[in-house]
Amino acid sequence: MATSKRKQLDNAMTLEVKNAFYKAPDNRVKTAIIIIAAIAIILWSFSLVSFNGISSNGVKIVQNILRSLTKPNLEWLFSFSGTSVPLLMIETVAIAWFGTIIGAILAIPFAFFASRNITGRFVSFIGSISITMVRTFPVFVLGLMFSKTVGLGQFAGVLTIGVSSIGMITKLYIEAIEDIDHGILDALDSAGCTTIQKIRYGIIPQLSANFISTAIYRFEINVRNATVLGLVGAGGIGFTLLQAMGNYRWNDASACLWGIIVVVLIIEYVSTTLRRKITKGE
């Protein structure tokens, strides 16, 4: 008796699966069109890329850089006086740190303004357009703008890092805001709370870990950005590195590169550990 019921159940389940399979939409044509369009775009992109061969001068520069990595200027690499590598890297990290703080703070109102579950579809669309406009400016363009506006130096670098960070941080903040538990907001809504109260008591407690993790991740990226901001006169080690390479002082350039490599590796390890502890409690 039990065996027959089990067979009937199996047959019914098989029939249900078959019905679901046959009722499923046939997406083969749509999938084929998407694949063909993707291939066409790739081929079209390749047709626009021109290759003029490998420059022998460029190959020599690469060889000199790689060869110099084995014999950097140790005196400059480990000195803490003048324009030594450690002092330049401290300056670079400081630029990235303060710039990240500015960007993370400024991104908060933008994120709430552009979140659909906070301000609605129309207002959030306007906020998203504003954020996209900020993100379109390359970091080099911002660096040149601020270098001409506030003068050369570290302050221009801090402003560049801060403004360039707003776009990415805001985007990640918005994703976190739109994934919050709506039950808490509904409960606060039914209690007659204002929008500010909902943000203070229902949203911020849910978002603090994600916000901090995002800011740390952006700081990790900003350290790399800050290393090249010196190329446009915005402070950091970039200008010294470019000057050393331009004057063919490969040992000095190697010392700069080793300083960047070591600092970036340390910051990546620390930031990954912190973000894992903040978000997962590990």
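Tutor: In this predicted model, Asp, Glu, Lys and Arg count as charged, and Ala, Val, Leu, Ile, Met, Phe, Trp, Tyr, Cys and Pro as nonpolar.

Student: How is the lining of the largest pocket divided by class?

Tutor: That lining has 11 nonpolar and 2 polar residues, with no charged ones. The pocket has a volume of about 200 Å³. Of its 13 lining residues, W97, T100, A215, I216 and F219 are the closest to the centre. Helix α5 supplies the largest share of the lining, 5 residues, while α11 (195-229) and α13 (250-280) each supply at least two.

Student: Why is V262 called partly exposed?

Tutor: The relative accessible area of V262 is 41%. Buried requires a value under 20% and exposed a value over 50%. The value for V262 lies in between, so the residue is partly exposed.

Student: Which helix holds V262, and which surface patch includes this residue?

Tutor: V262 lies in helix α13. With I212, W258, I261, L265, I266, Y269, V270, L274 and I278, V262 makes a nonpolar surface patch of about 900 Å². Helix α13 gives the most to this patch, with 9 residues.

How values were computed. Residues are numbered from 1 along each chain as its sequence is written. This is a predicted model: local features need pLDDT of at least 70, side-chain atom pairs count only at pLDDT 80 or more; totals for chains, interfaces and linings use all residues. Side-chain values use heavy atoms; hydrogens and water are left out. On a 1 Å grid over the protein atoms alone, a cavity is a set of points where a 1.4 Å probe fits but cannot get out, and a pocket is an open set with protein on both sides within 12 Å along at least five of seven lines; lining residues have an atom within 4 Å of a point. Grid points are joined across faces, edges and corners, and a volume is the space filled by probe spheres set on the points. Helices (H or I, at least four residues) and strands (E, at least two) are DSSP runs, numbered from the N terminus. Patches are made of residues with over 30% relative accessible area and no salt bridge: like charges are joined within 9 Å, nonpolar side chains (Val, Leu, Ile, Met, Phe, Trp, Tyr) within 5 Å. Accessible areas come from the Shrake-Rupley method with a 1.4 Å probe; for residues, only the protein chains shown count as cover. A salt bridge is a side-chain nitrogen of Lys or Arg within 4 Å of a carboxyl oxygen of Asp or Glu. Buried means under 20% relative accessible area, exposed over 50%, partly exposed in between (1.4 Å probe, protein chains only).
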